[in-house]
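Here is a short note for a colleague opening this structure for the first time.

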Amino acid sequence: MMGPSHALSGAAVWLAGSWALQQFADYHQSPLELAVGTAVCAGGALFPDLDLSGKVTRNQGGATVARTFGVFSLFIAEVMEKISLGVYYATKLSKDPRRNNGHRTLTHTIPFTLLVGWGTTTLCAAYGKWAVIGILFFMFGLALRGLFDKWAERAGWVIVTLASAAAAWYTFVNLPGGRGYPLIGTAVGVGCFVHILGDMITRAGVPILWPIPIKRRMWTPIGLPNKIALRAGSKTEVVVVRAVLTAISVLAAAGLVAPSVLQRFNIDV
C-alpha cells in the first residue's frame with residue numbers, strides 16, 4: 001500500500017474509533033486532543049516504512065516518508081533498515097530466504113508495534129511536554145507527507161519541517177498541564193498496527209506472526225491470496241480504497257463535531 005493510503009487509513013481508524021468511544025463509552029475528547037490523535041495516528045501509520053533506506057549523502061531513494069525531513073529522516077531510515085536486517089538474520093530459520101535489505105521485516109510485526117506504543121507512552125510519562133513536542137514534531141511531519149503528499153513534494157522537506165515544528169509548538173503551548181496528552185503512545189501504536197493490516201491486503205504480505213516459527217520459517221509473509229490481493233499503487237487502491245477511507249473520515253468527523261454544534265445553537269435531536 002502506498003504512503004498516502006497508509007496515512008489516510010490511520011486518520012480514518014482514529015476518527016472512527018473516537019466516534020465509537022464517544023457514542024458507546026461516553027468518552028469525549030477536546031478538539032485539540034482529537035486533532036492531535038488523528039495526526040499522530042496518521043503519522044504512525046507511515047512509521048513502519050522508515051525501514052527502506054536510500055542514499056543518505058545524496059538525499060535520494062528510500063520510501064517517500066523517509067524523505068520527510070531530508071537527510072535526517074533518510075539517516076533514520078538507514079539505521080532502522082540495518083537494525084531490521086540484523087534482527088532478520090539473527091532470528092531467521094533454514095527456510096527463510098536470504099535478503100539484502102530489511103524492508104517489511106521487524107517494523108512490520110506486532111512486537112515492534114507494541115514496543116513503539118509502549119516506548120512513546122514511557123517517554124511522555126518520563127519527560128513530559130518536551131518529549132511530547134519532539135514526538136509530535138516527528139509524527140506531524142510524517143502525517144503531512146502522507147496526507148498531503150503532492151503539496152509536501154512540491155514544498156520540499158524544509159517547508160514540511162517548519163510546518164511540523166509550528167504545529168508541534170502550537171500543540172505544546174495549548175496542551176493541558178501534567179505529563180502531557182496520554183493517548184499519544186496509543187495513537188502511534190494503533191497507526192503502526194493499521195499500517196501492518198494495510199500491507200497484509202497487498203500481494204507481498206507481512207511477517208505479522210513473527211517470532212512464531214512456521215514450517216522452519218520465522219519470517220513467513222502473511223497476506224491475501226494473489227487473486228484477490230491489492231496491488232500497491234493500482235487504481236483500486238488510489239480510487240476505491242482512498243475514497244472509502246475519506247468517506248469514513250468525513251462521516252466520523254461530522255459525527256464527532258455535530259453534537260457540540262447542535263448544542264451551541266440549542267438544537268435538540
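1. From H2, the residues Gly37, Val40, Cys41 and Gly44 meet Ile184, Ala187, Val188, Val190, Gly191 and Cys192 of H8. Contact here means heavy atoms within 4.5 Å. By class, this contact has seven nonpolar, three polar and no charged residues. Ala, Val, Leu, Ile, Met, Phe, Trp, Tyr, Cys and Pro count as nonpolar, Asp, Glu, Lys and Arg as charged, and the others, Gly among them, as polar.

2. A word on the source. This is a predicted model: local features need pLDDT of at least 70, side-chain atom pairs count only at pLDDT 80 or more, and totals for chains, interfaces and linings use all residues. Residues are numbered from 1 along each chain as its sequence is written, and side-chain values use heavy atoms, with hydrogens and water left out.

3. Now the geometry. H2 (residues 31-44) and H8 (residues 184-200) pack at an angle of about 40°, and their axes are 7 Å apart. That makes H2 oblique to H8. Angles under 35 degrees count as roughly parallel, over 145 as roughly antiparallel, 65 to 115 as roughly perpendicular and the rest as oblique. Helices are DSSP runs (H or I, at least four residues), numbered from the N terminus. Axes are lines fitted to C-alpha atoms over the stretch in contact, and angles run from 0 to 180 degrees between N-to-C directions.

4. Next, H4 and H5. Their axes come within 6 Å and cross at roughly 140°. H4 and H5 are therefore oblique to each other. Thr120, Leu123, Cys124 and Tyr127 in H4 meet Lys129, Trp130, Ala131, Val132 and Ile135 in H5.

5. Is Thr120 buried or exposed? Thr120 is buried, at a relative accessible area of 8%. Buried means under 20%, exposed over 50% and partly exposed in between (1.4 Å probe, protein chains only). Beyond its neighbours within four places in sequence, Thr120 is in contact with Ile135, Ile184, Gly185 and Val188.

6. Finally, the core. The largest nonpolar core has 42 residues, and Val40, Phe47, Leu50, Leu136, Met139 and Ile184 touch the most other members. Such a core is a set of buried Ala, Val, Leu, Ile, Met, Phe, Trp, Tyr and Cys residues joined through side-chain atoms within 4.5 Å. H5 gives the largest share of this core, nine residues. A second, separate core of six residues includes Met1, Leu8, Val241 and Leu245.

Definitions and conventions: Helix = DSSP H or I, 4+ residues; strand = E, 2+ residues; numbered from the N terminus.
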